[in-house]
Amino acid sequence: MKTVTYTGTNYDEVKRLCGDKVLAPYFCMGFSLLSVDTGEGFVSVNEGDTIVQEDDGSLRIE
């Protein structure tokens, strides 16, 4: 299992973990958000959320 916490400024680190399953960050009301494809559709990732990559490569957001 690998994890990375999205800080709003570490998109490159998130991209290394998620590969092509992450969309570029966008800004809403002063905050940065990402969208990550978890296999069950795209899920929004807010600053402070942790992205978890399981041993089988699947992604989930905590």
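## Close-ups of a predicted model

**View 1. Q53 and its contacts.** Leave out the neighbours within four places in sequence, and Q53 is in contact (heavy atoms within 4.5 Å) with M1, K2, L17, S58 and L59. The model is predicted, so to speak of local features takes a pLDDT of at least 70 and side-chain atom pairs count only at 80 or more, while totals for chains, interfaces and linings use all residues. Numbering starts from 1 along each chain as its sequence is written, and side-chain values use heavy atoms, with hydrogens and water left out. Q53 sits in strand 5, residues 50-53 (helices are DSSP runs of H or I with at least four residues, strands are runs of E with at least two, and both are numbered from the N terminus). With a relative accessible area of 18%, Q53 is buried (buried is under 20%, exposed is over 50%, and partly exposed is in between, using a 1.4 Å probe and protein chains only). From the C-alpha of Q53 to that of V43 it's 14 Å in space, for 10 residues in sequence.

**View 2. The largest nonpolar core.** Its 11 residues are V4, Y6, V14, L17, C18, V22, L34, V36, V45, I51 and L59 (a nonpolar core is a set of buried Ala, Val, Leu, Ile, Met, Phe, Trp, Tyr and Cys residues joined through side-chain atoms within 4.5 Å). Two elements give two or more residues to this core: helix 1 (11-18) and strand 3 (31-37). Zoom in on I51 and, not counting residues up to four places away in sequence, you'll find it touching K2, T3, V4, V14, L17, C18, V36, V45, L59, R60 and I61.

**View 3. V22 in strand 2.** V22 has its place in strand 2 and is buried, at a relative accessible area of 6%. Although 14 residues separate V22 and V36 along the chain, their C-alpha atoms are 4.5 Å apart. Setting aside residues up to four places away in sequence, V22 touches Y11, V14, K15, L34, S35 and V36.

**View 4. M29 in a loop.** The loop between strand 2 (22-28) and strand 3 holds M29. Its phi is near 55°, a positive value in a residue that isn't glycine. M29 counts as exposed, with 78% relative accessibility.

**View 5. T38 in another loop.** You'll find T38 in the loop between strand 3 and strand 4 (42-46). Skipping its neighbours within four places in sequence, T38 makes contact with V43, L59 and I61. Between the C-alpha atoms of T38 and C18 there's 9.6 Å, for 20 residues along the chain.

**View 6. Zooming back out to the whole protein.** There's 1 helix and 6 strands here, running β-α-β-β-β-β-β from the N terminus on. The radius of gyration is 11 Å, close to the 11 Å that the globule rule gives for 62 residues, so the protein is as compact as a globular protein of that length (the radius is taken over C-alpha atoms, and the rule is 2.2 Å times the number of residues to the power 0.38). Along the principal axes, the C-alpha trace spans about 35 × 20 × 20 Å. Of the 62 residues, 32% count as buried. Among contacts between residues at least 6 apart in sequence, 33% join residues at least 24 apart.
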